[in-house]
Amino acid sequence: MNKELAWILNAIEAAGETGMKEDVYWRATYTAQDAAVVELLQSYMEEGGMTVSFDAAGNLFGTISGTEAEGIMAGSHRDTVRQGGKYDGMLGILTALRAAASLYERYGRPRRTLKIAAICEEESSRFTTSNYIGSSHICGLVTEEMLQVTDDEGIPMETAMKEAGYLQEPLRRECEELSHFVELHIEQGGVLEAAQLQTGIVTSIVGLYSGEVTFTGQQNHAGTTPMYLRQDPMPVCADFICKLQAWAMQYQQELVCTVGKIVAEPGNANVIAEKVTCTFDIRSENLQRLEEAEAILQRLTEALQGTVSVALHIACQEPPVQLDADGVQTLERLATARGLSYRKMASGAGHDSQVISQHVKTNMIFVPSVSGISHNPNEYTKPADIEAGYLLLKDYLKELAWN
Ligand code: HGY
Ligand code: MN
Ligand code: MN
């Protein structure tokens, strides 16, 4: 095994160890687990001869300055979902970091500045409705409203950012000086494995509409409150979920729809809930379907209003995006030159690339996920497949930054 691959595999294990919160693998943003991986990545960046910096949102960068102003960025997100895997996001950071350090060691100073990014809060890992805060900040899209989103303990993002030592300066757009962004990522599906292909060259990323619906009734005693007197939000929420699911099943060839989290407050078995909140996550390559999804969400919200009030909050409306066509062609040429098997493909998962591609030429490289499993501790990619994706990423970074 070559030493670069050995370094990556070792780093995956080391980064994996920073993600344990009690007995759950969950590296949430601006937490002790996040600080631990930041420290580890910082040491890797310094060992690779990079200048380490942070932006106001807490994104970590390792920079190799070039002789020309415009820059290339490569990397991915460092946060994980609860009970997540150790490849999602982290593999993209570590392969980019290794490639940049190896190219720098071999070829010296690049022509274009190369920034390796460990981006925060891509997974809404701590703030349920905060999609893509780190990459949104890079593109100057973080709003005051987003900073006030609270985590499950009611802590606003702004407070958590400051407590983690960030937000010491005003938020600012970082992507001005970038000409390209590239992200290596696990496929998180079974397409490459089924076709026995080493890599995927991503052409587009599905659109994502997500947020939450809050049902508010009257908290009361489960034993003494007659059924006809109740203002119970739970059955109204259940009705909403069933109706949304029925709508989605009509278009199941074109979209996916997930309710992944329900919170009842106060959450006692012998108390009729005061409030029930459920999330929704709707994705499609077809913008019209997403716009229809918004209309059905509005319609259901209105139709279910009664003694229980229903409030819709659409937190994220990311359109389907096409990735850079020239970059796709270059990646195809480089994969062919390397003798790598590949296919062009869409991404059913969301990524920081989804946001950044709307402001900077962006491309993604996929590596296969064993059994298509992801957002799960059993997430795994074989070393040989990691190596194939790594070599393609390294060739691409050499072409972008050194040639
Ligand atoms: O949800 C997604 O697709 C990404 O993992 N945030
Ligand atoms: Mn993910
Ligand atoms: Mn990811």
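Colleague: Starting with Glu-176, is this residue buried or exposed?
Modeller: Glu-176 counts as exposed because its relative accessibility is 55%, where exposed means over 50% relative accessible area, buried means under 20% and partly exposed is in between, with a 1.4 Å probe and protein chains only. This is a predicted model, in which local features need pLDDT of at least 70 and side-chain atom pairs count only at pLDDT 80 or more, while totals for chains, interfaces and linings use all residues. Residues are numbered from 1 along each chain as its sequence is written, chains are lettered from A and ligands numbered from 1 in the order in which they are written, and side-chain values use heavy atoms, with hydrogens and water left out.

Colleague: Where does Glu-176 lie?
Modeller: Glu-176 is in the loop between α6 (157–163) and β7 (178–186), the helices (H or I, at least four residues) and strands (E, at least two) being DSSP runs numbered from the N terminus. The C-alpha atoms of Glu-176 and Glu-70 are 8.7 Å apart in space, although the two residues are 106 apart in sequence.

Colleague: On to the inside, then: which residues touch the most other members of the largest nonpolar core?
Modeller: That core has 68 residues, and Tyr-30, Leu-41, Leu-91, Ile-116 and Leu-397 touch the most other members. Helix α12 (residues 383–402) gives the most to this core, with 11 residues. Apart from it lies another core of 25 residues, including Cys-237, Ile-282, Ala-293 and Val-308. A nonpolar core here is a set of buried Ala, Val, Leu, Ile, Met, Phe, Trp, Tyr and Cys residues joined through side-chain atoms within 4.5 Å. As a general point, nonpolar side chains tend to be buried together in soluble globular proteins.

Colleague: What is Leu-41 in contact with?
Modeller: Leaving aside neighbours within four places in sequence, Leu-41 is in contact with Leu-60, Met-90, Ile-93, Leu-94, Leu-97 and Ala-118, contact meaning heavy atoms within 4.5 Å.

Colleague: Changing topic, how many salt bridges are there?
Modeller: The count comes to 19 salt bridges, each being a side-chain nitrogen of Lys or Arg within 4 Å of a carboxyl oxygen of Asp or Glu. One of them joins Arg-78 and Asp-34, with an N to O distance of 2.5 Å. This pair links distant parts of the chain, 44 residues apart, with Arg-78 in the loop between β5 (68–77) and α3 (90–107) and Asp-34 in helix α2 (residues 32–47). Arg-78 and Asp-34 are buried.

Colleague: And which residue does Glu-399 pair with?
Modeller: Glu-399 forms a salt bridge with Arg-333, the closest N and O atoms being 2.4 Å apart. Glu-399 lies in helix α12 and Arg-333 in helix α10 (residues 325–338), so the pair ties together parts that are 66 residues apart in sequence. Glu-399 counts as partly exposed at 25% relative accessibility, and Arg-333 is partly exposed too, with a relative accessible area of 43%.

Colleague: What surrounds ligand 1?
Modeller: Glu-122, Glu-123, Arg-283, Ala-349, Gly-350 and His-375 surround ligand 1, a residue being counted if one of its heavy atoms lies within 4 Å of the ligand. A nitrogen atom of ligand 1 is 3.0 Å from an N or O atom in the side chain of Glu-123, while an oxygen atom of ligand 1 lies 2.6 Å from a polar side-chain atom of Arg-283. The backbone of Gly-350 also takes part, with an N or O atom 2.7 Å from an oxygen atom of ligand 1. Taken alone, ligand 1 exposes 220 Å², and the protein buries 88% of that; these areas come from the Shrake-Rupley method with a 1.4 Å probe.

Colleague: What about Arg-283, which residue is its salt-bridge partner?
Modeller: The side chain of Arg-283 meets that of Asp-281 in a salt bridge (2.7 Å, N to O), and both residues are buried.

Colleague: Last topic, the backbone: what is the phi of Tyr-30?
Modeller: Phi of Tyr-30 is near 60 degrees, a positive value in a residue other than glycine. Tyr-30 lies in the loop between β2 (24–25) and α2 and is buried, with a relative accessible area of 8%. Tyr-132 has a positive phi of about 60 degrees although it is not a glycine, and Tyr-132 is buried, with a relative accessible area of 2%.

Colleague: And which peptide bond is cis?
Modeller: The bond from Glu-265 to Pro-266 is cis, with omega near 10 degrees, and Pro-266 lies in the loop between β12 (262–265) and β13 (271–272). In general, most residues other than glycine have a negative phi, and most peptide bonds are trans.

Conventions:
Polar contact = N/O pair within 3.5 Å; in protein donor to acceptor, adjacent residues only side chain to side chain.
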